[in-house]
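Please examine the sequence and the model displayed below. The paragraphs that follow lead from a single residue to the sheet and helices of the fold.

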Amino acid sequence: MKLLQNWYLAQTKSNILIYDERQNAILQQLDVFIANFSNRGVFCRLWSRPSTLGIYLYGNVGCGKSMVLNELFRQIPEQQKVRLHFHQFMSDIHQELATLKDSEAPLNIIAKKLRQKYRIIFLDEMHVSDIATAMILKNLLLGLFKYEVYLVTSSNFAPEQLYPDGLMRERFIGAIDLLQQKLKIMKLDSVKDYRLEHNTDNMLFIINNDKSHDKLSYLFNQFAAGNQIMNNNTIIIQGRPIDYIKKSSGIIWFKFDIICGENRSHLDYLELSNKFNYIIVEDIKPIELKDIARRLTWLVDILYDNRKKIILSASCDIEKIYLDNEFALEFRRTVSRLIEMQTLEYLTSQSLESIAL
C-alpha cells in the first residue's frame with residue numbers, strides 16, 4: 001500500500017510540490033502506518049492491544065508537517081475520523097469539562113464519548129502554553145489510550161520540549177511520557193521553509209505611512225461588499241466586550257493594542273474566527289513583551305488553520321515584528337504563516353478544519 005507515496009510523486013511530477021527526500025521518507029513510514037491501522041481487525045483486537053496508538057510528527061517551521069497530516073487524513077480508509085487544530089480540540093475539552101464538573105473522572109467520560117464518535121483523531125500544531133491544558137493533558141491521554149483512540153498529531157517541538165518553562169511543569173511530565181510510550185515519534189527534519197517558496201505581492205500587509213489608514217478603509221469596504229457597517233463600537237466575545245473600529249458582515253477591524261495587547265486568550269480568537277472571514281489588525285508596532293507576541297501567535301495560528309484572512313498594518317516588516325530571544329523560536333512559525341497568508345495560494349484555499357466523515 002503506497003497511497004501517500006503515489007500521491008506525493010504525482011504532485012511533485014506535476015510541479016505542484018517540490019520533491020523533498022525527507023518528506024518522501026516520512027510518507028513511506030506513514031504508508032506502513034495506514035496498512036497496519038487498516039489491517040487491525042476485530043479478531044486481532046480480541047487477543048492483543050496495540051502497543052502504538054498513533055503518530056507524533058514534529059519538525060521545523062514550514063517543513064511540510066501540516067501538508068503530510070492533511071493528506072494522511074484524506075487517505076486513511078476510516079470513516080470515524082476528525083481533524084482539528086490542537087487549540088480547538090482543547091477548547092472543546094475544557095467546555096465539556098465545565099458541564100461535567102460534578103462528575104467523577106470527567107476526563108474518562110469525555111474520552112469514552114470521543115471513542116464512540118472517532119477511531120482516530122488528527123490534531124495539528126500541538127503546543128502547550130497554558131497551565132489549564134497542561135494540568136489535564138495526562139489524564140485525557142490516559143483515557144483516549146485506554147479506549148484505544150488513535151492519535152495523529154504534529155508539532156514544532158519534540159515531546160520533551162513541550163511546555164518547557166511552564167508553571168508546575170513536573171505535573172506535565174506524565175503527559176510527555178505517555179506521548180513517547182504510545183505514539184511513534186517521527187521527525188521531519190527538512191531545513192527549508194516551503195511557505196517562503198510562494199510569491200506574494202503583500203496586498204494585505206501594509207507598512208504604516210500617511211495613507212495606510214486609507215488603504216485599510218479601502219480594503220474593508222471591498223470585503224464588506226455593500227453590507228451595513230458599524231463604526232467604533234464593541235463586540236461581546238467570550239462574555240467580554242472588545243472595542244472595534246469597524247464591523248460588517250464577515251469582517252471586523254481592530255487596533256493591535258486592543259486585540260493582542262489586552263488580556264485575551266485563544267478562546268477569544270476561536271470565537272472571532274467562527275464569526276468573521278476577514279480580520280483587520282491595525283498599527284502593529286515592534287513587540288517587546290512575550291505575552292503580546294504569544295497572543296498574536298494564537299490569533300495567526302487559529303486564522304491560518306481555518307483559512308481565514310488577516311489584513312495588517314505595521315510600522316515594520318513582518319520579519320521585524322518580534323525579535324526578542326525568549327519567544328523567538330515559536331514566533332518564527334508566526335512570521336512564516338503571515339508571509340504565506342499573503343500568497344494567492346493561501347487566499348484561494350479552503351479550510352480542512354473540523355472535517356469529519
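Which residues does Ser 155 touch, not counting residues up to four places away in sequence? They are Tyr 56, Leu 57, Tyr 58, Gly 59, Lys 65, Met 126 and Leu 162, where contact means heavy atoms within 4.5 Å. This is a predicted model, in which local features need pLDDT of at least 70 and side-chain atom pairs count only at pLDDT 80 or more, while totals for chains, interfaces and linings use all residues. Residues are numbered from 1 along each chain as its sequence is written, and side-chain values use heavy atoms, with hydrogens and water left out.

Ser 155 belongs to strand S4 (residues 150-155); strands (E, at least two residues) and helices (H or I, at least four) are DSSP runs numbered from the N terminus. With a relative accessible area of 0%, Ser 155 is buried (buried means under 20%, exposed over 50% and partly exposed in between, with a 1.4 Å probe and protein chains only). A polar atom of the Ser 155 side chain lies 2.8 Å from the backbone oxygen of Met 126, and the side chain also reaches the backbone nitrogen of Phe 157 at 3.0 Å.

Consider next the open sheet of six strands, whose order is S6-S11-S10-S9-S8-S7 with mixed pairing; two strands pair if DSSP finds at least two bridges between them. Its edge strands, each pairing on one side only, are S6 (205-207) and S7 (230-237). Within the sheet, S9 (residues 251-255) and S10 (residues 278-284) pair in the parallel sense over five bridges, and Trp 253 stands opposite Ile 280 in S10.

Helix H11 (residues 266-275) lies across S7, S8 (240-248), S9 and S10, and runs at about 120° to S7. Axes are lines fitted to C-alpha atoms, for helices over the stretch in contact, and angles run from 0 to 180 degrees between N-to-C directions. H11 also packs with helix H5 (residues 86-99) at an angle of about 105°, their axes being 10 Å apart. H5 is therefore roughly perpendicular to H11, a description that covers 65 to 115 degrees. His 87, Gln 88 and Ser 91 of H5 meet His 266, Leu 267 and Leu 270 of H11.

Finally, helix H1 (residues 3-13) has Leu 4, Gln 5, Trp 7, Tyr 8, Gln 11 and Thr 12 buried. Seen down the H1 axis, the buried residues fall within an arc of 165°, so they line one face of the helix; the arc is that of the directions from the helix axis to the C-beta atoms. Their cover includes helix H2 (21-39) and helix H4 (65-75).

Notes:
A polar contact is a pair of N or O atoms within 3.5 Å; within protein, one must be able to donate a hydrogen and the other to accept it, and residues adjacent in sequence count only if both atoms are side-chain atoms. Angles under 35 degrees count as roughly parallel, over 145 as roughly antiparallel, 65 to 115 as roughly perpendicular and the rest as oblique.
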